[in-house]
Amino acid sequence: MSNDQPTSGQPPEDDPFLKKPQEPQGPQEPQGPQGPSSGSPYDSAPPPPPPPYDSGPYGGGGPYGGVDPLAGMPPLGEPGKRILARLIDFLIISIPLYLISLPWGGAVEMNDNNSGNSNVSDVFSQTYSGHQLLWSLIGLVIYVGYDTYFTHKDGRTIGKRLLKLRVAMLNDGRVPDTSASFLRAVVLWLPALLCCPCLWWLINIVLMFTDKPYRQGLHDKAAKTVVVQTD
């Protein structure tokens, strides 16, 4: 008897959120008058059951393995709930971070423009000048750490827990391991905080509504995860 236990941060085998294995669809092994085959080396063994969720670019057998790519999966998280959950997580971190930064001049540094004129390059230089870049780097570490910890813990940040959402590995529905959680957080927050925040959020929001069939943002595609409802 095996004494293997589920690894830390992963749900048990009876986790109701795990994707359910699909029943084998191939022909069953014929049985002779004496019952099942006797184990002769020439007897053909029945085909093994497919993986719990063999589909798409993360599985095999055609573009979606010849089966419904959403079969066995909990309902996908609604885009509106995902956006609201992300906003809650953002405020949970950004408000305390801003208050902590006030004695050093605040996390947001804006310079007066006496001419009253501004352009895109001025806004960029103001946003990422001096200590603002430092606070952006500090914020990046905190945001990535927050997302990595809670995603690996049980797939739910505080915002997702409140909105009854969960991050799961696409191939089998398990809680992402540390490497997948970290990759997902870095791809989400690095561009958002250091180079192109508005464009990056816009791309991911659009993908939540338009990506088929899994509604994956770029961070989900990188980590091979999906966001589902938990009820």
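**Notes on the predicted model**

1. Let me start at a loop: lysine 164 sits between helix 4 (158–162) and strand 1 (165–169). Helices here are DSSP runs of H or I with at least four residues, strands are runs of E with at least two, and both are numbered from the N terminus. Lysine 164 has a positive phi of about 60° even though it is not a glycine. With a relative accessible area of 47%, lysine 164 is partly exposed. For these labels, buried means under 20% relative accessible area, exposed means over 50%, and partly exposed is in between, with a 1.4 Å probe and protein chains only.

2. Some ground rules before going on. This is a predicted model, in which local features need pLDDT of at least 70 and side-chain atom pairs count only at pLDDT 80 or more, while totals for chains, interfaces and linings use all residues. Residues are numbered from 1 along each chain as its sequence is written, and side-chain values use heavy atoms, with hydrogens and water left out.

3. The overall layout: the protein has 7 helices and 2 strands. Following the sequence, the pattern reads α-α-α-α-β-α-α-α-β. Of its 231 residues, 35% count as buried.

4. Take a look at the loop between helix 6 and helix 7 (218–223), where proline 213 is found. The peptide bond leading from lysine 212 into proline 213 is cis, with omega near 5°. Arginine 215 is found in the loop between helix 6 and helix 7 too. Phi of arginine 215 is near 55°, a positive value in a residue other than glycine. Arginine 215 has a relative accessible area of 28%, so it is partly exposed.

5. Now for the charges. Side chains of opposite charge can pair when their charged atoms come close. A salt bridge here is a side-chain nitrogen of Lys or Arg within 4 Å of a carboxyl oxygen of Asp or Glu. By that rule the count is 7 salt bridges.

6. Which residue does aspartate 147 pair with in a salt bridge? The partner is arginine 86, and the closest N and O atoms are 2.9 Å apart. This pair links distant parts of the chain, since aspartate 147 is in helix 3 (residues 131–154) and arginine 86 is in helix 1, 61 residues apart. Are the two partners buried or exposed? Aspartate 147 counts as buried because its relative accessibility is 2%, and arginine 86 counts as buried at 12%.

7. Two further salt bridges to check in your viewer. Aspartate 172 pairs with arginine 174, with 3.8 Å between the closest N and O atoms. Arginine 174 has a relative accessible area of 18%, so it is buried. Aspartate 154 meets arginine 161 at 2.5 Å, N to O. In that pair, aspartate 154 counts as buried at 15% relative accessibility, whereas arginine 161 counts as partly exposed at 39%. There is also a network: salt bridges that share partners join Arg82, Arg184 and Asp220.

8. The second largest pocket holds about 270 Å³ of space. It has 15 lining residues, and those closest to its centre are Ile83, Arg86, Leu87, Trp201 and Ile205. Helix 1 (79–101), helix 5 (178–194) and helix 6 (197–210) each give two or more residues to the lining, and helix 1 gives the most, with 5 residues. The lining divides into 9 nonpolar, 2 polar and 4 charged residues.

9. How the pocket was defined: on a 1 Å grid over the protein atoms alone, a pocket is an open set of points where a 1.4 Å probe fits, with protein on both sides within 12 Å along at least five of seven lines, and lining residues have an atom within 4 Å of a point. The volume is the space filled by probe spheres set on the points.

10. Helix 1 again: glycine 80 has its place there. At 46% relative accessibility, glycine 80 counts as partly exposed. Its C-alpha atom is separated by 9.3 Å from that of isoleucine 205, 125 residues apart along the chain.

11. Last, the surface. Leu84, Leu87, Phe90, Leu91, Ile95, Tyr98, Leu99 and Leu102 form a nonpolar patch with about 700 Å² of accessible area together. Such a patch takes residues with over 30% relative accessible area and no salt bridge, nonpolar side chains being joined within 5 Å. Leucine 84, in helix 1, counts as partly exposed at 41% relative accessibility.

Technical notes:
Nonpolar A, V, L, I, M, F, W, Y, C, P; charged D, E, K, R; others polar. Patch = residues over 30% accessible without salt bridge, like charges linked within 9 Å, V, L, I, M, F, W, Y side chains within 5 Å. Areas by Shrake-Rupley, 256 points an atom, 1.4 Å probe, with all protein chains shown as cover.
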